[in-house]
Amino acid sequence: MSPLIRARFDRFRQNKLGFRCLILFLTIFVLSLFAELIANDKPLLVRYQQSFYFPILNDYPETTFGGGFETATDYQDPAVKQLIQKQGWMISPPIAFSYQTPNLSLAVPVPSAPSSQNWLGTDDQGRDVFARILYGLRVSLLFGFALTLCSALIGIMVGAIQGYYGGWIDLIGQRILEVWGGLPMLFIVMILVSMFSPSIYWLFLIMLLFGWTELVGLVRAEFLRARNYDYVRAAQALGLSDQQIIFKHILPNAMSSSLSQIPFMLTANIIALTALDFLGYGLPPDAASLGELLLQGKNNLDAPWLALSGFFTLAIVLSLLIYIGEAARDAFDPRR
């Protein structure tokens, strides 16, 4: 690790609020990555007749545990539980429901209020809200991370080329960005998404089509300023190629201001995905989604736990990202 990067990281750690928010955000992210170990309708481990089975990794027919059907085992079936407990035991996750598993043992109408069995209640199809939040949060974060990374890479490349070469390349690029940036992104994304069958890959490509412009202006300004520095002119005089000057000399110095914007870009992408899901133009209907949970809250005003669960989940995650972004912006400030 270079002394400059180490100094900036130490400066980031000195911001106690931002650093603690980073630790909390990473904890939430890691928990969402292992959602199957926390909320699942399959046991984590089954011991039956002196043999061990891992249902979360493999599907086993019911005949494996003494049942009479060759179909996949339903571990929520009381008869199957009794068969396993007679000759073994099983370890279940804390939440015995996956994001698509309805609670068939409910004695009240759905959506049902929070209980010891369903910590945050159930939705209008009897599915556990906590499980859907956990899985939906993972989808939102992974989608946001991938979209932010790809958008940043494209934006940095375009901004670097515009700023380094200038002239007519910069002029044409700026005119294209002005037109592209003036388009109503949300409405065009809704129109394009509605033209195809629901797919997370189409949604990703369409949102990337409009999301890569975020860093162009910032990187362009850094390159316009840096290309007149003495070390760049010296590199040109020594006969270094444009690629070497851009990637080895200017870009590392210009990355500091760009990296500080990553948390804010991630926040914007998560909000955009949630908005599209809320409007029905986002992820496929069978996917766990925070936007779909908020939509259920709007359609079921007599079940406030739906809207409150989705709202507080988004509020906590987005607030953490904003504090992390503020701390990163201070840490990577080139004036300090």
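Leaving aside neighbours within four places in sequence, which residues is Thr274 in contact with? The model examined here is predicted. In it, Thr274 is in contact with Leu290, Gly291, Leu294 and Leu314. Thr274 itself is found in helix α12, which covers residues 262–279. Its relative accessible area is 7%. Buried means under 20%, so Thr274 counts as buried.

The confidence of the prediction was considered next. The chain averages a pLDDT of 87. Of the residues, 98% score at least 70. Confidence is highest in helix α2, residues 16–33, with a mean of 93. Confidence is lowest in helix α1, residues 3–14, with a mean of 78. Where pLDDT is low, predicted coordinates should not be read in detail.

The overall fold can be described in a few figures. The secondary structure of the chain comes to 14 helices and 3 strands. The C-alpha trace spans about 80 × 45 × 40 Å along its principal axes. The chain has a radius of gyration of 25 Å. For a compact globule of 336 residues, a value near 20 Å would apply. Contacts across the sequence were also counted. Among contacts with a separation of 6 or more, 66% join residues 24 or more positions apart.

Burial and surface were then computed. Buried residues make up 41% of the 336 residues in the chain. The accessible surface comes to about 18000 Å². Carbon and sulfur atoms hold 65% of that surface. The chain carries 23 positive and 24 negative charges.

Leu24 lies in helix α2, the helix with the highest mean confidence in the chain. Its relative accessibility is 41%, so Leu24 counts as partly exposed. Leu24 was also compared in position with Leu209. The two residues are 185 residues apart in sequence. In space, their C-alpha atoms are 31 Å apart.

With a relative accessible area of 34%, Phe196 is partly exposed. Not counting residues up to four places away in sequence, Phe196 touches Trp202 and Ile206.

Technical notes: Residues are numbered from 1 along each chain as its sequence is written. This is a predicted model: local features need pLDDT of at least 70, side-chain atom pairs count only at pLDDT 80 or more; totals for chains, interfaces and linings use all residues. Side-chain values use heavy atoms; hydrogens and water are left out. pLDDT is the predictor's confidence in each residue, from 0 to 100. Helices (H or I, at least four residues) and strands (E, at least two) are DSSP runs, numbered from the N terminus. The radius of gyration is taken over C-alpha atoms; the globule rule is 2.2 Å times the number of residues to the power 0.38. Buried means under 20% relative accessible area, exposed over 50%, partly exposed in between (1.4 Å probe, protein chains only). Contact means heavy atoms within 4.5 Å. Accessible areas come from the Shrake-Rupley method with a 1.4 Å probe; for residues, only the protein chains shown count as cover. Lys and Arg count as positive and Asp and Glu as negative; His and the chain ends are not counted. The place of a charge is taken as NZ of Lys, CZ of Arg, CG of Asp or CD of Glu.
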